[in-house]
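Here is a short briefing on one structure.

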Amino acid sequence: MVKGHGAYIMFFTIATLDLIVVLLLAFIIDLVLGEPPFAIHPVVWIGNLISFFKRRAPLANRRLYGIFMALCCILFAAFIGIVATLILDTESIPALIRYLVAAWFLKMTFAIRCLMDAGKEVYEKLAVGDLDEARKKLSMYVSRNTSQLTEEQVSSAVIETSSENFVDGILSPLFYFALFGPLGIIAAYVFKATSTLDSMVGYKDPQYLHLGWFSARFDDILNWIPARLSLLPISIAAVILSLIPAFSRSLDPVNTVRYSIKDGRKTPSPNSGYPMAAFAGAMSIRLEKPKVYVLAAENPYPKFFHIKLTRSLVLSSSLISVLMCASLLYIIMDRFYVLY
């Protein structure tokens, strides 16, 4: 056997270069095309299946039913990933088509442009002084009551959701794609199903406390490592952006690390505080959800222009994440899989 060309595992024979090309293409597709119509979006299919189970949830044994629901949805998502992997592994299909199809499926597990666009909508309303419309736009992305929020609180909420979703919406699926090598698309879909389950049923109110217990706990487990690793791409992105004159006075790479370590545990979620504190440190701002948490408390509240800075930081951190995951993929394929 000659190392370095491809991997054979569970009937899949996929070259390292194939997976790296798919990863880079998925990144480009996301930035250029964004999200497709709901009818052809695999994550929407997963969400529809979750809704199907939710409507049929019994009044008794809800925790057991919630586990059954989660496992069914995760298996369905894994099946989607298997189909995409089989297409990538079918040599009778032209390479370009295989790459594009696999990249399209992988892209559906993360949403860089969507996350950036969410902040852009609120920023544009605040930039023209339309606070009421900014509050309405924000209400589509956060669960808190936005009707009485000040400009600073609206800006903080946008930055909080953008930085938190950087992990579960971008970094985590990329991380699991790289970590599992030839099974990476399957792993990314397993993660995405878990994340979608958590967003739909992973609440602590009486309706979902037991039904979403397994989904919420499993999501916490899967995001545990990526949340802490997020400090790397965020801090590297802050360093790179700080070298650009337009950003040099707005970003502090040292505080990115300091606040992530100092305040990362201050949120109710075991994971969300790390990327949020890193973003707060990078921009030297205070992030606060009233009566829940305060991050980088000694800093001033953010202004609306910090939302635009956040979008740049999300994009840069995402690019660094892609490059880091490509490197991890190369290492994983070389050391942990049977190579030909």
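The second largest pocket of this predicted model has a volume of about 150 Å³.

**The pocket lining**
- Leu171, Phe175, Pro226, Leu229 and Leu232 are among the residues that line the second largest pocket.
- Pro233, Met324, Cys325 and Leu328 also belong to this lining.
- Four helices each supply at least two of the lining residues: H7 (151-179), H9 (213-229), H10 (231-242) and H13 (305-336).
- H13 gives the largest share of the lining, with 3 residues.

**Helix H10**
- H10 has 12 residues, so at 1.5 Å a residue it should span 16 Å.
- The end C-alpha atoms of H10 are 16 Å apart, which agrees with that expectation.
- The buried residues of H10 are Leu231, Pro233, Ile234, Ser235, Ala237, Ala238, Leu241 and Ser242.

**Ser156 in helix H7**
- Ser156 sits in H7, one of the helices that supply the pocket lining.
- Ser156 has a relative accessible area of 2%, so it counts as buried, the cut-off being under 20%.
- Leaving aside residues up to four places away in sequence, Ser156 touches Arg286, Leu287, Glu288 and Pro302.

How values were computed. Residues numbered from 1 in each chain as written. Predicted model: local features only at pLDDT ≥ 70, side-chain atom pairs only at ≥ 80, totals over all residues. Heavy atoms only, no water. 1 Å grid on protein atoms, 1.4 Å probe; cavity = no way out; pocket = protein on both sides within 12 Å on 5 of 7 lines; lining within 4 Å. Points joined across faces, edges and corners; volume = space filled by probe spheres on them. Expected span 1.5 Å × (residues − 1). Buried < 20%, exposed > 50% of the residue type's maximum accessible area, 1.4 Å probe, protein only. Contact = heavy atoms within 4.5 Å.
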